[in-house]
Amino acid sequence: MRIALITHYFPAHRGGVELVACALARELAARHGAEIEWHASDSDPPPAIPGVRCVPAKACNAIERRLGFPYPLWSPSALWRAGRAARRLDALHLHDCLYLPNLVAYVAARFAGRPVLVTQHVGMVPYRSAFLRALLSAANRIFGRLVLGGATQVVFISDSVRRYFERFVRFRAPPLLLANGVDIAVFRPADKRHALRTELKVPEGALLFLFVGRFVEKKGLRVLHELAMRLQHVRWVFAGWGNLDPERWALPNVSVIRGRSSAELAPLYQAADLLVLPSVGEGFPLVVQEAMACGTPALIGAETAAGCPDAAELLLAEPAEGDDVVARWEQRLRQVTPQALAVLRPRVAAFAAANWSWERCAARYAELFRQCAGK
């Protein structure tokens, strides 16, 4: 099958959505004979994947640089090429429903009678700004209802995101819940974890807390700033990029690591005692799955944890909203002990290995594409 794939960025941007899209495209092309034409912003170099033709789209990424909100604006010619691919190829695969290129490609595919499969990663993000909350809510109810309601098949990566959209979207076919995969060959428990912690200069017996992702509001950076100031006996490592840069905090217990690819993050996951992610409104992040595959437990928002009910007993969860969020997360982290986390490590690694596989995930997508083509 020839598939038009539309995402806002290529995987070099290091966001979860584009990394998921890359893993699926690689598996579909290698194992299922798909021919994929991938359109994404030219703000990052495209990957080289056999069977995948990348088409960089001329785009302006000023909104993300200035506001931390990932919404690239494509040129008219790039939008036209994306629409042409959606009309010309056998099926269209969209990741999320609100980006302008996705909307253009969706309309083009529907007019051409092509099947549309949407993977929806994100639901409602409770921004601090009332204007942004209202804008996103309206966009979800207008464009989300249009795209998700008109798609041949919708796949949610998180149960909480599915429940959000089910409140106001009438789907053509029952939506599916399908967890992302993890590259277990890369993200796995370390044989020499002590050496990794020594390399990071973690004192013997000290706790190492890790954050991986963009340094933006919805990831909980303001909460993490307060926690790092209050828990100065803990070593904190922040791996990522963004406009809320932890380096500006000038805290002696905080280190910032930049520029690592997804696979290069594995030693950080392996060395850490706990992944700390007080994010909101983003489904079930890939970084949580990667950390668990490396044997590292995660403390995440209660809404995020609800995205993967099967892992409820293995996730540390705490509501990530409210005026007392910092106090509650501080109390929870002060209760954490190295011994308790060490007991949890083999259990989270075993769960990840048993449940999250890109091979199985891509096989299900291949089946869905065949079913969509027959409708």
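Let's start at Thr-119, which sits in strand β7. Helices (H or I, at least four residues) and strands (E, at least two) are DSSP runs, numbered from the N terminus. This is a predicted model, with local features needing pLDDT of at least 70 and side-chain atom pairs counting only at pLDDT 80 or more, while totals for chains, interfaces and linings use all residues. Residues are numbered from 1 along each chain as its sequence is written, and side-chain values use heavy atoms, with hydrogens and water left out.

At 0% relative accessibility, Thr-119 counts as buried; that word means under 20% relative accessible area, exposed means over 50%, and partly exposed is in between (1.4 Å probe, protein chains only).

What does the side chain of Thr-119 make a polar contact with? The partner is the side chain of His-93, at 2.9 Å. A polar contact here is a pair of N or O atoms within 3.5 Å; within protein, one must be able to donate a hydrogen and the other to accept it, and residues adjacent in sequence count only if both atoms are side-chain atoms. Leaving aside neighbours within four places in sequence, Thr-119 is in contact (heavy atoms within 4.5 Å) with residues including Asp-96, Ile-157 and Tyr-365.

Now look at the strands on either side. β7 pairs in the parallel sense with β6 (residues 91-95) over 4 bridges, and pairing requires that DSSP finds at least two bridges between two strands. His-95 has Thr-119 as its bridge partner in β7. To get from β6 to β7, the chain passes through helix α4 (residues 100-112) in a right-handed β-α-β crossover. Right-handed means that, with the strands pointing away from the viewer, the path from the first strand over the helix to the second runs clockwise. β7 also pairs in the parallel sense with β8 (residues 153-156), over 4 bridges, and there the bridge partner of Thr-119 is Val-155. With helix α5 (residues 130-150), β7 and β8 make a right-handed β-α-β unit.

Next stop, helix α13 (residues 338-355), where you'll find Arg-345. Arg-345 is buried yet has no salt bridge, and the nearest side chain of opposite charge, Asp-273, is 5.1 Å away. A salt bridge needs a side-chain nitrogen of Lys or Arg within 4 Å of a carboxyl oxygen of Asp or Glu; for charge, Lys and Arg count as positive and Asp and Glu as negative, with His and the chain ends not counted. The Arg-345 side chain does reach the backbone oxygen of Ala-272, at 2.9 Å.

Most residues other than glycine have a negative phi. Lys-201, however, has a positive phi near 60 degrees; Lys-201 is in the loop between α7 (193-199) and β10 (208-214) and is exposed at 70% relative accessible area. Ala-250 has a positive phi too, near 55 degrees, and lies in the loop between β11 (235-241) and β12 (254-257).
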